[in-house]
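Biologist: I have a new model on my screen. Could you show me how to read its features?

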Amino acid sequence: MAPMMTKTHLDVDIRRKQFKLQSKIYPEFPISFHMRTKTVPRTIDRPMMIKDLTSAGNYGVHSTMELTWGHPDIKIRIEGDHKTTSEAMDHLRSKWYYNTCVREHSLIEWRQSEEVPMTDACLYTLQDVFTLRHLTWDITATNLEPWMVAAYKKMGALMKASLFPFWEYNPEYSTHEVSPRQPNIRIEQVFHPRYDIFDLTLRVNKDVSKFTGVNYGLWQWNAEPYTRLNRIPIPFYHSTYLRPEV
């Protein structure tokens, strides 16, 4: 029922064979992509319990992605470590659907079971509980081609320009030269749903840029589950649209 309860393995290998055109030999060009994700803790094999909603335990997803582009020495590796936050759990307890779900579990038809009732309010609660709000990506690369270096520098410049009012720049100086073809990039984003803001930290080698208090209400990234689920292309997920009573 919860979106994070997944374990995935994805392997894609594309290989262009060597060929000759107008007396010029074009070597073999392989592209491979490998991705692994797993939940922490691993609860995919058991039903969701009511204690999973009332406890302040953290849940997360760890992922690794590796891309090889044209040559075994040109690699990009991304490690993701994403988790829920205690702050979001505390805020959840003020939501109408959480309190409705707890109240429904106390009814006679559910009180003998430790599992979460199969109701709309509990579905919305699960959606909220397992929404990951602390996201971290560690990106390393080796022997990037010039166009790749230009691409990640332009993306960084675009991000800083779009979030300029929230930007705090803290460079660290090093006596060792850092090669742009072998960058170490860390992106960390923490959402604060109570205030509709997030904090973002971007580290590229020794340069650190922090963006604090970015309001994301206009993008509806913190929309309530009963308004967010209707965007999911699964008919039975939004066959009814429950709204809180006024």
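Biologist: Leaving aside neighbours within four places in sequence, which residues is Leu-200 in contact with?

Modeller: Remember that this is a predicted model. Leu-200 is in contact with Met-159, Leu-163, Ile-187, Glu-188, Gln-189, Ser-209, Lys-210 and Phe-211.

Biologist: Which residues touch the most other members of the largest nonpolar core?

Modeller: The general idea comes first. Nonpolar side chains tend to be buried together in soluble globular proteins. Here the largest nonpolar core has 20 residues. Leu-144, Ile-185, Ile-187, Phe-198, Leu-200 and Phe-211 touch the most other members. At least two core residues come from each of β7, α5, β9, β10 and β11.

Biologist: Is Thr-125 buried or exposed?

Modeller: Buried means under 20% relative accessible area. Thr-125 has 0%, so it is buried. It is found in helix α4. Beyond residues up to four places away in sequence, Thr-125 touches Leu-53, Leu-92, Tyr-97, Tyr-98 and Cys-101.

Biologist: How many aromatic pairs does the structure hold?

Modeller: Ten. For any pair, check the ring centres, then the planes. Phe-29 and Trp-69 are 6.0 Å centre to centre, with 90° between the planes. That pair is edge-to-face. Phe-29 lies in strand β4 and Trp-69 in strand β5, so the pair ties together parts 40 residues apart in sequence. Phe-29 is partly exposed, at 27% relative accessibility. Trp-69 is partly exposed too, at 28%.

Biologist: Why is the pair of Phe-191 and Phe-198 tilted?

Modeller: Their planes are at 50°, so the pair counts as tilted. The ring centres are 5.6 Å apart. Both residues, Phe-191 and Phe-198, are buried.

Definitions and conventions
Residues are numbered from 1 along each chain as its sequence is written. This is a predicted model: local features need pLDDT of at least 70, side-chain atom pairs count only at pLDDT 80 or more; totals for chains, interfaces and linings use all residues. Side-chain values use heavy atoms; hydrogens and water are left out. Helices (H or I, at least four residues) and strands (E, at least two) are DSSP runs, numbered from the N terminus. Buried means under 20% relative accessible area, exposed over 50%, partly exposed in between (1.4 Å probe, protein chains only). Contact means heavy atoms within 4.5 Å. A nonpolar core is a set of buried Ala, Val, Leu, Ile, Met, Phe, Trp, Tyr and Cys residues joined through side-chain atoms within 4.5 Å. Rings of Phe, Tyr and Trp (its six-membered ring) pair if their centres lie within 6.5 Å; planes under 30 degrees apart count as stacked, over 60 as edge-to-face and the rest as tilted.
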